[in-house]
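Here is a short briefing on one model. Keep the structure open while you read.

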Amino acid sequence: MDWNLVFGDIQKWMQASNQVMQKYPLTSQEYWHWLVGSLGHLEKKYDSHPLVVQFCVGIANFQEQNYDKEMEKIK
């Protein structure tokens with residue numbers, strides 16, 4: 001496994017996430033549809049390596065926590 005490629009792709013994903021959130025807020029269905037699809041693609045690219053899967057799950061969990069914070073602001 002070329003971990004430099006994995007971490008480079010994660011960094012690219014984070015940059016893309018920031019761009020997507022300029023168009024769709026973190027609280028939108030469009031953003032979450034993109035998140036799930038793009039992380040699934042990243043996971044498959046590395047043949048569902050267990051550590052890559054954990055990275056993707058961690059990213060999704062982190063964004064879910066951010067989502068929860070945003071929703072608290074709305075209340």
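**Salt bridges and surroundings**

The side chains of E70 and K73 form a salt bridge, with 3.1 Å from N to O. This is a predicted model. The salt bridge count comes to 2.

**The E70–K73 pair**

- E70 and K73 both sit in helix α3, 3 residues apart, so about one helical turn separates them.
- In general, an α-helix has 3.6 residues a turn, so residues three or four places apart point the same way.
- E70 is partly exposed, because its relative accessibility is 32%.
- K73 has 62% relative accessibility and therefore counts as exposed.

**The D9–K45 pair**

- D9 and K45 also meet through their side chains in a salt bridge, at 2.7 Å from N to O.
- D9 belongs to helix α1 and K45 to helix α2, so this pair ties together parts that lie 36 residues apart in sequence.
- D9 is buried, at a relative accessible area of 14%.
- That value puts D9 under the 20% cut-off for buried residues.
- K45 is partly exposed, with a relative accessible area of 47%.
- K45 falls between the 20% and 50% cut-offs, so the label is partly exposed.

**Helix α3**

- Helix α3 has 25 residues, which should span 36 Å at 1.5 Å a residue.

**S17 in helix α1**

- S17 is located in α1, the helix that covers residues 3-23.
- Is S17 buried or exposed? S17 is buried, with a relative accessible area of 2%.
- Which residues does S17 contact, leaving aside neighbours within four places in sequence? S17 is in contact with Y31, W34 and Q63.

**S48 in the loop**

- S48 lies in the loop that runs between α2 (29-45) and α3 (50-74).
- S48 counts as partly exposed, at 35% relative accessibility.
- Not counting residues up to four places away in sequence, S48 touches E43 and V53.
- S48 and L26 are 22 residues apart along the chain, and 26 Å separates their C-alpha atoms.

Methods: Residues are numbered from 1 along each chain as its sequence is written. This is a predicted model: local features need pLDDT of at least 70, side-chain atom pairs count only at pLDDT 80 or more; totals for chains, interfaces and linings use all residues. Side-chain values use heavy atoms; hydrogens and water are left out. Helices (H or I, at least four residues) and strands (E, at least two) are DSSP runs, numbered from the N terminus. Buried means under 20% relative accessible area, exposed over 50%, partly exposed in between (1.4 Å probe, protein chains only). Contact means heavy atoms within 4.5 Å. The expected span of a helix is 1.5 Å times one less than its number of residues. A salt bridge is a side-chain nitrogen of Lys or Arg within 4 Å of a carboxyl oxygen of Asp or Glu.
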